[in-house]
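Me: I've got a model open and want to talk it through. Can you take my questions one at a time?
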Amino acid sequence: MAIVLLAALLIELVNFFVLCGFPIDVGYPPNTPWYIQLIGLQWLALHLVGLFSLSWFERIFGCSQLNIVMGCKQVDTVVLFAGGYLTTVLLAFAATYDFQHIRLRRNLATRSVSAR
């Protein structure tokens, strides 16, 4: 489990701070390469929890006032990073569990065939 947590942290650090910066880009020009669009889609999928909860956290920290310009950047960064990290942990844990389950089933099937 510790390896999954550490791997998810490394993946999220690269994903959040290297592949997609802050603020979020709202669209791509028509001639954008397919791999850049793919990176954007996976970033959006991993940070969807954070994106949906941004307005709630901004209301809690008082960022919804009109006199605060870009005052929520730290709150938004933490919420998006935490949401992406939690999603990455869940996906990494599910992938690890599934891989171990498939390997165990294959080993049991091999043993039952060789025992006959």
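Me: Which residues are exposed on the other side of H2?
Reply: Trp34 and Leu41 are exposed there. Exposed means over 50% relative accessible area, buried means under 20%, and partly exposed is in between (1.4 Å probe, protein chains only).

Me: And which residues of H2 are buried?
Reply: Gly40, Trp43 and Leu46 are buried in H2. Down the helix axis they fall within an arc of 135°, so they line one face of H2. The arc is taken from the directions that run from the helix axis to the C-beta atoms.

Me: Before I go on, what sort of model is this?
Reply: It is a predicted model: local features need pLDDT of at least 70, side-chain atom pairs count only at pLDDT 80 or more, and totals for chains, interfaces and linings use all residues. Residues are numbered from 1 along each chain as its sequence is written, and side-chain values use heavy atoms, with hydrogens and water left out.

Me: OK. How many helices and strands are there?
Reply: The protein has four helices and zero strands. Its pattern along the sequence is α-α-α-α. Helices (H or I, at least four residues) and strands (E, at least two) are DSSP runs, numbered from the N terminus.

Me: How much of the protein is buried?
Reply: 24% of the 116 residues count as buried.

Me: Back to H2. What span should its 13 residues have?
Reply: They should span 18 Å at 1.5 Å a residue, and the end C-alpha atoms of H2 are 18 Å apart, which agrees. The expected span is 1.5 Å times one less than the number of residues.

Me: What about H1, how far does that one reach?
Reply: H1 covers residues 2–19 and reaches 24 Å from its first C-alpha to its last. That is close to the 26 Å expected.

Me: Which residues of H1 are buried?
Reply: Val4, Ala8, Glu12, Asn15 and Phe16. They sit on the same side of H1, because they cover an arc of only 85° around its axis. On the other side, Ala2, Ile3, Leu10, Phe17 and Val18 are exposed.

Me: What does Leu9 touch?
Reply: Leu9 touches Phe81 and Tyr85, leaving aside residues up to four places away in sequence. Contact means heavy atoms within 4.5 Å. The C-alpha atoms of Leu9 and Gly84 are separated by 9.5 Å, and these two are 75 residues apart along the chain.

Me: Now the helix pair. At what angle do H1 and H2 cross?
Reply: They cross at roughly 125°, and their axes come within 11 Å. Axes are lines fitted to C-alpha atoms, for helices over the stretch in contact, and angles run from 0 to 180 degrees between N-to-C directions.

Me: What do you call that arrangement?
Reply: H1 and H2 are oblique to each other. Angles under 35 degrees count as roughly parallel, over 145 as roughly antiparallel, 65 to 115 as roughly perpendicular and the rest as oblique.

Me: Which residues meet there?
Reply: From H1, Asn15, Phe16 and Leu19. They meet Ile39, Gln42, Trp43 and Leu46 of H2.

Me: Last one, Val78. Buried or exposed?
Reply: Val78 is exposed, with a relative accessible area of 56%. Val78 lies in H4, residues 73–115.
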